[in-house]
Amino acid sequence: MHSLDLLSEFTSFIEQKKAQGKKIIAFLSHDNVPEELIDAAGFVPLRLVFAGDDSLMNASHNFLPPSTCSFAQSCIGFFSLKPNMYRFLDYVDYILLSNHCVSDIVVSEIISQNFNVERLDFYVSYTRNNNALKYYKIELEQFRKELEKIKGEKIPDEKIRESIIKYNEFKKTLAKVKDLQIKGSEKLKIYQKAMLFGPQIQSELEEFIAQTKEKNDYMGNNAKNVILTGCSIFIGDYLMDLIEESGGNIVFFDSWVGYNYYTQTFSQEILDKISDPIDLLVKRFENNVYGDHTVPNSLDERIALIENYVNEFQKEHGIKLGVINHVIKFCDHFALFQSLFKDKLQDIGIQVLNLERDYSRSIRGQLSTRIEAFMEML
Ligand code: SF4
């Protein structure tokens, strides 16, 4: 029900923005895309954060081999079938192609070539050294010029800085949701809404946090508490229902829709020290050593973070957390390392369920059985 309401609210939001003459720029929701530049141009960043189903995946097979990740397949399906609830996709003016992964590139290219959506490019280096930072800066400047061309006027530095500060505050507020004593599905709803609306819901978010802080300790019930890591749970996915129906509760979303998004913030010291807004965005790229975008040692960083979270949680609540590693089928970023990831965590006594799946409805029962067995084992 949440998804229907959310999608309908988002449709009205996009319709409103279109009526104000704003351009809508869509992109696959991944790391390092500077949404603040889009916002500073007066346009709307639209993250594609929607889970698929069989019909959406099948609709992509005219364009892509079925061995492409299920999320990417579904993105094509959304533009091809335009399901009623997603009619805001009709308003997309541009698709931003980035090289987060091969699927990101091909999906963006296919959408632009086949569905009457213009394409913008934004490439990101696969390394982290001085040349990578210089390259990222060149791409930012190029992207800014592209946006200025569309807008027909310059985007002043102050506007970009304003957007950076606005998103920074928003992410810092969103970060507080992690520690609220509410069900995992409630947290996920907030993260998903945040990915769609961004700082537009700043005051709603603040109000929600203030009210919810008063709630009782959710950890007091019989749910088995776990961390979700790996691929994000996108809007419309049934996975969260399965986890909760199987007696589980996600306390920490270590995924792009969650931790990796809301922790990419600037301290006041950095904001005071770096005045050029483009350099600020470069700084964020430099500091983003946790993402799955071929960052050196990212697997070790991920394991260290999870170990630390499990230990802290155990100290505070006396509960040992398990880990569900969600892998969307054919997502190489997470599929390739899943065995190593599981072995390394199990070696330090943390139980892991590698849950690789696509969006087919037919595997629902099978997923449910595996999750239930994992919960019983914890
Ligand atoms: S392969 Fe993974 S990282 Fe790439 S689009 Fe699919 S889910 Fe995202």
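Predicted model: local features only at pLDDT ≥ 70, side-chain atom pairs only at ≥ 80, totals over all residues.
The ligand shell is considered first. The residues around the ligand are L28, C69, F71, A72, H100, C101, S103, D104, C231, I328, C331 and H333. By class, eight residues of this shell are nonpolar, three are polar and one is charged. Two helices, α4 and α5 (102–114), each supply at least two residues of the shell. Residues of the shell come from both domain 1 (2–156) and domain 2 (168–377), so the shell lies between these domains.

Helix α7 spans residues 157–175. This helix has 19 residues. From its first C-alpha to its last, α7 reaches 27 Å, close to the 27 Å expected at 1.5 Å a residue. Its buried residues are I160, S163, I164, Y167, N168, F170 and L174. They lie on the same side of α7, because they cover an arc of only 165° around the axis. In an α-helix there are 3.6 residues a turn, so residues three or four places apart point the same way.

Residue P65 belongs to a loop. This loop runs between α3 (54–59) and α4 (70–81). P65 is exposed, because 10 other C-beta atoms lie within 10 Å, and a residue counts as exposed at 12 or fewer. P65 and E153 are 88 residues apart in sequence. In space, P65 and E153 are 41 Å apart, C-alpha to C-alpha.

How values were computed. Residues numbered from 1 in each chain as written. Helix = DSSP H or I, 4+ residues; strand = E, 2+ residues; numbered from the N terminus. Buried ≥ 20, exposed ≤ 12 C-beta atoms within 10 Å, placed from the backbone. Near = placed C-beta within 6 Å. Nonpolar A, V, L, I, M, F, W, Y, C, P; charged D, E, K, R; others polar. Domains from an automatic or database assignment. Expected span 1.5 Å × (residues − 1). Arc of directions from axis to C-beta.
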